[in-house]
Amino acid sequence: MSRITSLALAVASAFALVAGTAVAASAAPDPGPAAAEARVDPVAWTPCNPDPTKPDPGIYDCAVYPVPLDYADPSGEKIGIAMLRRRAGDPAKRIGSLFLNPGGPGGSGYLWATTTRFEPEVQARFDLVGFDPRGVGRSNPLKCFTTDEEANGVFDRLVGVPVTKAEIDGTLAATRDYTDACDRNAGPLIEHMSTENVVRDLDRMRRGVGDRQLSFAGFSYGTLIGATYANMYPDKVRALIIDGNVDPNLRLHNGLEYDRQRADGFELALDEYLKRCKAAGAPRCAFGTGDTRARFDAIRDHLRTSPVTLPNGTQVTLSSFTSQVANALYAQSRQAPLATSLQALDDVLRQQKAPALTAPKNTDDANVLAVTVPAALREAPADTPYSADDSYYGVNCQDKPYPSNPRVFANAARSWERDAPTFGRYQAFDAPACATWPAPARDVERYTGPWNRRTATPVMVIGNTFDPATQYTFAKRMQRQLGSAVLVSVDVVEHCAVGRSKELNKLVTSYLVNQAVPAPGQLLKPDADAFPPVA
């Protein structure tokens, strides 16, 4: 999720590390004169328990790995990258490390070392390594505020989907106050947040754990990390999986057009969701009676002019409604509950428009639509005065070039919503901060291509046919832009697919373990149905 409409959730337990004896780590092996590369310090692992509320499984290690703040001055100031390792279950057959990134940008990858998305053979043959990229979570978080109270004074003035002139003006003014705070408080790190720097950090970590080549799985924005690595260090790629792909060339050259196409992707996913809901019908899809598209549009259009007050007194606004719909499209598991909420809200609206109708018996399911989805969940210590970080914009505003006039985004909103009536305005107001960001793309070092350098092992590109956040067209473009890559597709309305399809996971396992490249053109099915039969 990608908006600054609320502060992040504090998950204190994720930060409690159980100290232990340091684990000896050897320096990266000498690759020989033909492939000489600079030595780096080995990662100093320490046994730890990622969840101290549970017994220590004894299979995890933690580290904070120093990297240069500014790669133009590699011997200068250092920042720390927080790493968590799940040791390979079968050390005798260990292949190496599998680095993981969940996207965002700004997503904490630290606890992804505990993920169960991969099959047991992958967990047996690889150390799973999760890390927080620079400026994220535990890794010198980029902070624009000093306290949550200070942040709330700005964030509470933002409207996620502003429609009226007052809402638009207020949101743009608050956004300017936000970037002014970043200019005051973020420090020199704000100038070094581009994906190019993240990739340089990743290569140092690869060497630090002793791997000659990189095995990596990146999701969503993590696909840009993977694609950038493949082109900056093509001879260092062992196996690279990218799932939920961005269009790297468009993203790095035209942020506004990239975001417009993102809005189209959400709209395509919503339309398919409503079609599949109608095909499943009620009760499998609670919103599946009548013309689902027309009924949905009627709710949205009503909210454009006025909120809906629910029986418990809370209000569903256009912003809260749109954020919940977007959130549900990210995962099949949320889509049947969304249909139930839509039906409940539709019942409330019909009764309010025609009071003579019998009041609906149960409208509690509509309550979730009155809650704006948080911008992102960050694992942050509970006692931190400012418990979020600002890495989302720290990365995006350096990677994606935008106009420097904030009013451009308001003009774009009017234009985009013609083709994307639910998500055009929502997406247009995702990035006004980049117009006044203290270290914008035009002023910093960033990688913009080429994207076609060949890797010894082709990259495994995975795309869902109706991915809302990174539409399927992006996956096809990624495959074409990379010098050597194969695309595997999954027919599903969801963001990212690894762990959601047994067919896919078999291919993933064979690729990671044996470097067996999947046959191109495969269209797979997910394991679950968004609207399973009702018993």
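1. Ground rules. In this predicted model, local features need pLDDT of at least 70 and side-chain atom pairs count only at pLDDT 80 or more, while totals for chains, interfaces and linings use all residues. Residues are numbered from 1 along each chain as its sequence is written, and side-chain values use heavy atoms, with hydrogens and water left out.

2. Cores. A nonpolar core is a set of buried Ala, Val, Leu, Ile, Met, Phe, Trp, Tyr and Cys residues joined through side-chain atoms within 4.5 Å. Buried means under 20% relative accessible area, exposed over 50%, and partly exposed in between (1.4 Å probe, protein chains only). The largest nonpolar core has 110 residues, and those touching the most other members are Met-83, Phe-99, Phe-118, Tyr-178, Trp-437, Leu-504 and Leu-512. A second, separate core has 38 residues, including Val-161, Ile-299, Leu-329 and Tyr-426.

3. Helix H9. Helices (H or I, at least four residues) and strands (E, at least two) are DSSP runs, numbered from the N terminus. H9 has 12 residues and spans 17 Å from its first C-alpha to its last, close to the 16 Å expected; the expected span is 1.5 Å times one less than the number of residues. Because 12 of its 12 residues are buried, H9 is largely enclosed by the rest of the structure. Its cover includes H7, H8, E9, H10 and helix H13 (424–428).

4. H9 against H10. The axes (lines fitted to C-alpha atoms, for helices over the stretch in contact, with angles from 0 to 180 degrees between N-to-C directions) of H9 and H10 come within 9 Å and cross at roughly 155°. The two helices are therefore roughly antiparallel, a label for angles over 145 degrees. Contact (heavy atoms within 4.5 Å) is made by Phe-321, Val-325, Ala-328 and Leu-329 of H9 and by Gln-335, Leu-338, Leu-342 and Leu-345 of H10.

5. Cis peptide bonds. Most peptide bonds are trans. The bond from Gly-104 to Pro-105 is cis, with omega near -10°, and Pro-105 sits in the loop between strand E4 (96–101) and helix H1 (120–125). Another cis bond joins Ala-282 and Pro-283, with omega about 5°; Pro-283 is in the loop between H7 and H8.

6. Is Ser-220 buried or exposed? Ser-220, not a glycine, has a positive phi of about 60° and is buried at 13% relative accessible area. Gln-515 has a positive phi of about 55° and is partly exposed at 34%.

Key
Angles under 35 degrees count as roughly parallel, over 145 as roughly antiparallel, 65 to 115 as roughly perpendicular and the rest as oblique.
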